[in-house]
Amino acid sequence: TGQTSSSIALSWSASTDAGSGVANYQVFRGATLVASPTTTSYNDTGLSAGTNYSYTVRARDVAGNVSAASAALLINTSNGSCASAPATP
């Protein structure tokens, strides 16, 4: 990850699906779906400085099945600190 006072760049390892393949990923900021990229990265912009944000990612296959959420990534836009925490189902 990388961050500024108003953006956070996320990247993750590719997921695999033995049956039908991964169609896209779902990026959540807290409980809100903010993006559905087809690649393994996303740049979240327009954020507030000095604010804590939590992100999780899920993989979605072409059949519409969605994986369990990743571990949560906690980031503060003021100092760039981040910490992993268990994901909330």
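In what order do the three strands of the open sheet stand, and is their pairing parallel or antiparallel?

1. The three strands follow the order S1-S2-S5 in an open sheet, and the pairing is antiparallel; strands here are DSSP runs (E, at least two residues) numbered from the N terminus, and two strands pair if DSSP finds at least two bridges between them. S1 and S5 stand at the edges with a single partner strand each, so one side of each has no neighbour in the sheet.

2. On the basis of the model: this is a predicted structure, in which local features need pLDDT of at least 70 and side-chain atom pairs count only at pLDDT 80 or more, while totals for chains, interfaces and linings use all residues. Residues are numbered from 1 along each chain as its sequence is written, and side-chain values use heavy atoms, with hydrogens and water left out.

3. On the strand pairings: S1 and S2 run antiparallel and are joined by two bridges, with Gly2 standing opposite Ala9 in S2. S2 and S5, which also run antiparallel, are joined by five bridges, and here Leu10 stands opposite Tyr42 in S5.

4. In a regular strand the side chains alternate between the two faces of the sheet. Strand S5 (residues 41-45) has a covered face formed by Tyr42 and Asp44, and an uncovered face formed by Ser41, Asn43 and Thr45.

5. Gln3 belongs to strand S1 (residues 2-3) and counts as partly exposed because its relative accessibility is 27%, where buried means under 20% relative accessible area, exposed over 50%, and partly exposed in between (1.4 Å probe, protein chains only). The side chain of Gln3 reaches the backbone oxygen of Thr77 at 2.9 Å, while the C-alpha atoms of Gln3 and Asn76, which are 73 residues apart along the chain, are separated by 8.5 Å.

6. A search of the whole structure finds one aromatic pair, namely Trp12 and Tyr25, in an edge-to-face arrangement with 5.6 Å centre to centre and 65° between the planes. Rings of Phe, Tyr and Trp (its six-membered ring) pair if their centres lie within 6.5 Å, with planes under 30 degrees apart counted as stacked, over 60 as edge-to-face and the rest as tilted. The pair links distant parts of the chain, 13 residues apart, since Trp12 is in the loop between strand S2 (7-11) and strand S3 (22-29), and Tyr25 is in strand S3; both Trp12 and Tyr25 are buried.

7. Arg58 lies over the face of Phe28, at 5.9 Å from the ring centre; the criterion requires NZ of Lys or CZ of Arg within 6 Å of the ring centre and within 35 degrees of the ring normal.

Terms used:
Helices (H or I, at least four residues) and strands (E, at least two) are DSSP runs, numbered from the N terminus. A polar contact is a pair of N or O atoms within 3.5 Å; within protein, one must be able to donate a hydrogen and the other to accept it, and residues adjacent in sequence count only if both atoms are side-chain atoms.
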